[in-house]
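Have the sequence and coordinates open as you read.

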Amino acid sequence: MKIIVINGPNLNMLGVREPEIYGKMTLEEMNEIIQKEAEPLGINLEFYQSNHEGDLIDVIQQCYHRIDGIIINPGAYSHYSYAIRDAISSVHIPTIEVHLSDISSREYFRRTSVIEDVAEKQISGKGIASYIEALHFLNTKLKL
Ligand code: DQA
């Protein structure tokens, strides 16, 4: 089983970026923890981060016929990128939208996700546990 973990803009700045909201862990440290969680489940993980919408779309398209599940934190693109939404609906791959912070209780513009209804599930506000929960959800779903 192959799952990709995709992080969008500014998530490469984790550890430095607003630690009171996103915590002190870097993206590399977070990915290592997710990797350790995946190993006993026999899941083959890939990681990708980009600050560019088109690159994120290219990577989602390249998942077609290659990847079984997508975990994506689209960052601020979650709130307005119809192009990323369309890429997700194009590839027919179970996708979980994750957020470190609770987007429903922050600024008004963060309360809308244009990704939410093309994703299987949205998990928000649990820090790194959002990604871990997404991994277990996909593991259960894909093994059924
Ligand atoms: C985020 C929430 C977004 O609103 C923000 O733009 C991010 C991170 C999160 O993980 O909480 O970049 O997706």
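Helix 5 has these buried residues: Ser130, Tyr131, Ile132, Ala134, Leu135, Leu138 and Asn139. Buried here means under 20% relative accessible area, with a 1.4 Å probe and protein chains only; helices are DSSP runs (H or I, at least four residues) numbered from the N terminus, and strands are E runs of at least two. This is a predicted model, where local features need pLDDT of at least 70, side-chain atom pairs need 80 or more, and totals for chains, interfaces and linings use all residues. Residues are numbered from 1 along each chain as its sequence is written, and side-chain values use heavy atoms, leaving out hydrogens and water.

The cover over those buried residues includes helix 2 (27–38) and strand 4 (95–99). Take Ser130: at 0% relative accessibility, Ser130 counts as buried. Leaving aside residues up to four places away in sequence, Ser130 touches Val98, His99, Ile123, Ser124 and Gly125 (contact means heavy atoms within 4.5 Å).

Now the ligand. The residues around it include His99, Pro9, Tyr22 and Arg110.

| Residue | Protein atom | Distance |
|---|---|---|
| Arg17 | side-chain N or O | 2.9 Å |
| Ala76 | polar backbone atom | 3.1 Å |
| Leu100 | backbone N or O | 2.8 Å |

Taken alone, the ligand exposes 330 Å², and the protein buries 99% of that (Shrake-Rupley areas, 1.4 Å probe).

Methods:
Near = heavy atom within 4 Å. Polar contact = N/O pair within 3.5 Å; in protein donor to acceptor, adjacent residues only side chain to side chain. Buried < 20%, exposed > 50% of the residue type's maximum accessible area, 1.4 Å probe, protein only.
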